[in-house]
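Dear colleague,

My notes on it follow directly after.

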Amino acid sequence: MEPVLQVDSLSKRFGSIVALDRISFTLEAGSILGLIGPNGSGKTTLLNTLNGLYRPDSGEIRYLGRPTRNLRPHQLALLGISRTFQTARVFHTLTVYQNMLIPLVHARLSRNEVQERARQLLTFVGLERSQALPASELSGGQQKLLEFARALMTEPRLVLMDEPFGGVHPEIKALLLERIREAQRERQVSFIIVSHEIPDLMSLARTVICMSYGRIIARGTPQEVSENPEVIAAYLGHPGGQGQRPATSLEQAGGHAS
Ligand SMILES: Nc1ncnc2c1ncn2[C@@H]1O[C@H](COP(=O)(O)OP(=O)(O)OP(=O)(O)O)[C@@H](O)[C@H]1O
Ligand SMILES: [Mg+2]
């Protein structure tokens with residue numbers, strides 16, 4: 001099957017900062033890629049470039065074989081690339097249900113179809129009872145669930161998620177993890193998931209990429225990447241020190257990593 005995404009030597013600068021430095025990778029259809037790296041390493045910039053918020057300075061992105069360089073986020077959304085944000089972006093004064101309708105305002109679908117899809121997806125993430133509430137009344141974690149459900153409204157082939165588990169209550173995190181796996185298995189959705197939590201990525205992704213200063217410094221299984229000396233050095237050498245180190249399952253299991 002054709003890869004869902006082919007990224008070739010993608011670069012993006014902000015003045016003197018090289019936020020993306022010749023990034024290349026391929027994402028197979030129906031797979032989940034984990035993306036880690038210290039603060040400021042370029043993870044969000046990569047997602048912003050993949051979904052058309054930023055235009056790359058050079059390099060190529062192909063989505064299902066088609067170059068996306070000149071397409072804007074709403075065009076890419078209708079082609080099947082959805083996105084969630086590091087801080088959930090929901091419309092606080094709209095209801096949970098109304099938030100769900102936003103991605104499809106310009107789609108050629110009947111009202112009934114849109115309503116039915118919104119109800120199904122709210123049930124999928126356990127928010128069906130909250131649909132009439134203003135989104136501002138949801139907890140931070142519930143807003144992330146809403147954002148995830150909303151990202152699925154366009155029936156995407158690829159969902160880009162920026163730190164979906166950050167600051168989220170463990171119960172909601174478990175639900176979100178389960179629903180991401182289900183979307184991948186049953187709807188053949190591919191994901192790129194930014195997270196500092198190696199254990200979460202271990203349960204989701206076969207492959208993890210680590211970025212540092214805009215470059216890919218390691219790729220492999222979550223285990224391999226979390227044990228890679230360059231990755232550990234990148235986290236330790238970063239302002240913020242040890243607190244920035246990716247949490248590994250070995251540490252969680254009792255600190256037997258040597
Ligand atoms: N719009 C922008 N204008 C100028 N500089 C930017 C912009 N967006 C990002 N940068 C810079 O690009 C670099 C990469 O930032 P980015 O937000 O992509 O990092 P990140 O890996 O997502 O970090 P974090 O883990 O803190 O979310 C940083 O040096 C940042 O300051
Ligand atoms: Mg970021």
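Strand E6 (81-84) and strand E7 (residues 158-162) run parallel and are joined by four bridges. Thr 84 has Met 161 of E7 as its bridge partner. Helices (H or I, at least four residues) and strands (E, at least two) are DSSP runs, numbered from the N terminus, and two strands pair if DSSP finds at least two bridges between them.

This is a predicted model, in which local features need pLDDT of at least 70 and side-chain atom pairs count only at pLDDT 80 or more, while totals for chains, interfaces and linings use all residues. Residues are numbered from 1 along each chain as its sequence is written, and chains are lettered from A and ligands numbered from 1 in the order in which they are written.

E6 and E7 belong to an open sheet of six strands with mixed pairing, in the order E6-E7-E8-E3-E9-E10. Its edge strands, E6 and E10 (215-220), each pair on one side only.

Leaving aside neighbours within four places in sequence, Cys 210 is in contact (C-beta atoms, placed from the backbone, within 7 Å) with residues including Ile 36, Ile 217 and Val 231.

Yours sincerely

Conventions:
Two residues are in contact if their C-beta atoms, placed from the backbone, lie within 7 Å.
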